[in-house]
Amino acid sequence: MFHMKETTFMKSIFRAVLPAAMGLVLAGSQAYAQDDTGETAIPVASSSAPAAVALSASDKAWLKRIEQALNQSKTFQARIQQLDAEGKRTTGTVWMKRPGQMRLAYDPPSPLLLVANGGKVVFRDNQLDQTTVIPIERTPLGLLLRPHVSLTDDVTVTGFQHDNGLVQVTLVRTSSPGDGSLTLVFYETPVALRSWSVLDAQGRETRVTLFDVHAGADIPASTFVLPAEND
């Protein structure tokens with residue numbers, strides 16, 4: 001792991017080396033440095049309340065359907081295409097098992113791997129022999145991996161669209177909107193996750209589109225073994 005306190009330098013490292021996959025978990029371009037005890041230093045989130053979008057009765061009904069669909073889907077495996085803020089396209093495979101487990105492995109020649117388990121997200125760059133660890137609850141993707149997904153309890157819906165057979169919902173954590181926003185796009189019939197994207201405080205977006213989805217897949221526990229952390 002890193003043992004640095006210069007957050008400006010850390011930001012430049014993250015932006016130069018981890019722009020694609022880390023955009024999924026580091027929305028807001030906040031640096032997560034390690035203190036002398038090895039604990040992760042959590043940035044102080046903005047206290048300003050996010051602005052909620054006005055929702056009709058029909059919109060709220062759709063949110064309930066989406067919640068039900070997400071909570072019924074405990075596991076899935078899918079191929080992905082990722083588009084980062086610089087327009088670079090990357091492909092790979094994602095496995096998800098709720099609560100709290102995800103693996104996103106990018107196709108060669110990419111050396112990148114992202115695994116969520118045990119309350120944290122571990123990002124590994126094998127080419128640089130570099131590992132970064134972030135608490136899962138400080139990431140937008142943590143909203144998807146909760147034991148029970150809620151679109152009303154401690155999140156604010158800041159955007160909602162329903163047209164052309166798709167439903168799009170944008171969310172932020174009400175208490176810490178500075179952690180970044182998560183936009184989920186669903187097929188209307190049947191309700192199923194099509195893509196997600198993360199937007200950071202600088203307007204940098206990373207979008208992941210799913211295809212060849214296998215819902216209810218039997219995923220071995222070994223899939224979610226965390227990469228070894230550097231000393």
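These are my notebook entries on a predicted model of one protein chain.

**Entry 1: ground rules**

I number residues from 1 along each chain as its sequence is written. Since this is a predicted model, I note that local features need pLDDT of at least 70, that side-chain atom pairs count only at pLDDT 80 or more, and that totals for chains, interfaces and linings use all residues, while side-chain values use heavy atoms, with hydrogens and water left out.

**Entry 2: the overall chain**

I began with the elements and found two helices and eleven strands in the protein chain. Helices (H or I, at least four residues) and strands (E, at least two) are DSSP runs, numbered from the N terminus. Along the sequence the pattern reads α-α-β-β-β-β-β-β-β-β-β-β-β.

Next I looked up burial: 48% of the 231 residues are buried. Here buried means under 20% relative accessible area, exposed over 50%, and partly exposed in between (1.4 Å probe, protein chains only). The accessible surface of the protein chain is about 11000 Å², and 52% of that surface belongs to carbon and sulfur atoms. Those areas come from the Shrake-Rupley method with a 1.4 Å probe; for residues, only the protein chains shown count as cover.

I also checked contacts (heavy atoms within 4.5 Å). Of those with a separation of 6 or more, 54% join residues 24 or more positions apart.

**Entry 3: the sheet**

In what order do the eleven strands lie in the sheet? I read β6-β5-β4-β3-β2-β1-β11-β10-β9-β8-β7, an open sheet with antiparallel pairing. Two strands pair if DSSP finds at least two bridges between them. At the edges I found β6 (130-135) and β7 (155-163), each pairing on one side only. The twist averages 20 degrees from one strand to the next.

I then followed β7 to its partner β8 (residues 166-173): eight bridges join the two, which run antiparallel. Within this pair, valine 157 has leucine 171 of β8 as its bridge partner. Helix α2 (residues 57-72) packs on the sheet here, touching β7, β8 and β9 (181-187), and its direction makes about 105 degrees with that of β7. For such angles, axes are lines fitted to C-alpha atoms, for helices over the stretch in contact, and angles run from 0 to 180 degrees between N-to-C directions.

**Entry 4: strand β3**

Is β3 largely enclosed or open? Five of the six residues of β3 (residues 101-106) are buried, so the strand is largely enclosed by the rest of the structure.

On one pairing, six bridges connect β2 and β3 in the antiparallel sense, and tryptophan 95 has arginine 103 of β3 as its bridge partner. The β2 and β3 hairpin has three residues between the strands, and glycine 100 there takes a positive phi near 80 degrees.

On another pairing, β3 is joined to β4 (residues 112-117) by four bridges, again antiparallel. Arginine 103 turns up here too, with valine 115 of β4 as bridge partner.

**Entry 5: salt bridges**

I counted seven salt bridges in the structure. The criterion is a side-chain nitrogen of Lys or Arg within 4 Å of a carboxyl oxygen of Asp or Glu.

One of them joins arginine 204 and glutamate 86 at 3.1 Å, N to O. This pair links distant parts of the chain, 118 residues apart: arginine 204 sits in the loop between β10 (192-199) and β11 (205-215), and glutamate 86 in the loop between β1 (75-83) and β2 (89-97). Arginine 204 counts as partly exposed, at 25% relative accessibility.

Another joins arginine 124 to aspartate 129, with the closest N and O atoms 2.5 Å apart. Arginine 124 is buried, with a relative accessible area of 11%.

I finished with glutamate 137 and arginine 173, a salt bridge whose closest N and O atoms are 3.1 Å apart. Glutamate 137 lies in the loop between β6 and β7 and arginine 173 in strand β8, so the pair ties together parts that are 36 residues apart in sequence. Glutamate 137 is partly exposed at 38%, whereas arginine 173 is buried at 7%. Salt bridges that share partners join Glu137, Arg146, Asp154 and Arg173 into one network.

Arginine 146 is in the loop between β6 and β7 and counts as buried at 13% relative accessibility. Its side chain makes a polar contact of 2.8 Å with that of aspartate 154. A polar contact is a pair of N or O atoms within 3.5 Å; within protein, one must be able to donate a hydrogen and the other to accept it, and residues adjacent in sequence count only if both atoms are side-chain atoms. Leaving aside neighbours within four places in sequence, I listed the contacts of arginine 146 as Arg98, Pro99, Glu137, Asp154, Val155 and Arg173.
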